[in-house]
Amino acid sequence: VRFADGGEVESRAVLVATGVAYRRLEATGADELGSRGVYYGASASEAAQCADQVVHVVGAANSAGQAVLNFAKAASRVVLLVRGARLEDSMSEYLIERIRAADNVEVRFRTEVVTAHGTDHLESVTLVDRDTGAETDECTNWLFVFIGALPRTDWLGDAVARDAHGFVIT
């Protein structure tokens with residue numbers, strides 16, 4: 001690795017951990033309530049703050065499935081909102097089986113969040129059924145979004161091979 005000051009370091013591997021930029025939920029009010037009830041991603045430790053409450057999770061891949069199971073341990077109810085018609089297209093079977101077996105988890109297919117409501121913190125969401133267009137409002141203080149992320153690798157320029165999404169090709 002060559003540095004701007006002319007210094008060099010030799011290595012068999014270089015780990016570049018520059019983070020990600022989460023894909024944003026295109027729902028009115030979601031950005032305004034960011035970190036005040038609307039969150040992108042989640043760790044297992046965040047489930048405790050949602051104890052005995054209703055949590056909504058947006059997504060259909062493995063990260064959303066893991067989050068649902070973590071929240072299900074503490075929340076009174078977890079609602080997984082999926083744009084598509086089935087989880088099998090994007091989630092591992094072992095997660096699907098565990099989600100189906102959880103008594104306090106509900107999966108809603110063909111459903112999207114269109115509005116996040118609240119003043120100082122998330123209070124409710126408006127959901128739309130993608131097939132009928134019907135909208136419903138639901139009370140919730142927690143919305144966790146797992147709709148993808150892009151690596152922050154633009155600064156690498158052409159020096160490092162990356163795919164169309166910015167992921168380093170190994």
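My entries follow, starting with the ground rules.

**Ground rules.** I'm working with a predicted model, where local features need pLDDT of at least 70, side-chain atom pairs count only at pLDDT 80 or more, and totals for chains, interfaces and linings use all residues. Residues are numbered from 1 along each chain as its sequence is written, and side-chain values use heavy atoms, with hydrogens and water left out.

I looked up the largest pocket and got a volume of about 540 Å³. Of the 22 residues that line it, Val58, Gly59, Arg83, Phe146 and Ile147 are the closest to its centre. My note on terms: on a 1 Å grid over the protein atoms alone, a pocket is an open set of points where a 1.4 Å probe fits, with protein on both sides within 12 Å along at least five of seven lines, and lining residues have an atom within 4 Å of a point. The volume is the space filled by probe spheres set on the points.

Which strand gives the most to this lining? Strand 6 does, with three residues. (Strands are DSSP runs of E, at least two residues, numbered from the N terminus.) By class, I have 12 nonpolar, six polar and four charged residues in the lining of the largest pocket; Gly counts as polar here.

The second largest pocket comes to about 230 Å³. Its lining includes Val14, Pro151, Phe167 and Thr170.

**Strand 7.** Next I checked residues 122-129. Six of the eight residues of strand 7 are buried, so the strand is largely enclosed by the rest of the structure. (Buried means under 20% relative accessible area and exposed over 50%, with a 1.4 Å probe and protein chains only.)

Strand 7 runs antiparallel to strand 6, joined by seven bridges, and Gly118 stands opposite Leu122. Three residues sit between these two strands in a hairpin. On to strand 8 (residues 135-139): five bridges join it to strand 7, also antiparallel, and Val125 has Glu138 as its bridge partner. That hairpin has five residues between the strands, and Gly133 in the turn has a positive phi of about 80°.

**Cysteines.** How many disulfides does the structure hold? I count zero, taking a disulfide as a pair of cysteine sulfur atoms within 2.5 Å. Cys50 is buried at 0% relative accessibility, whereas Cys139 is exposed at 65%.

Terms used:
Helices (H or I, at least four residues) and strands (E, at least two) are DSSP runs, numbered from the N terminus. Two strands pair if DSSP finds at least two bridges between them.
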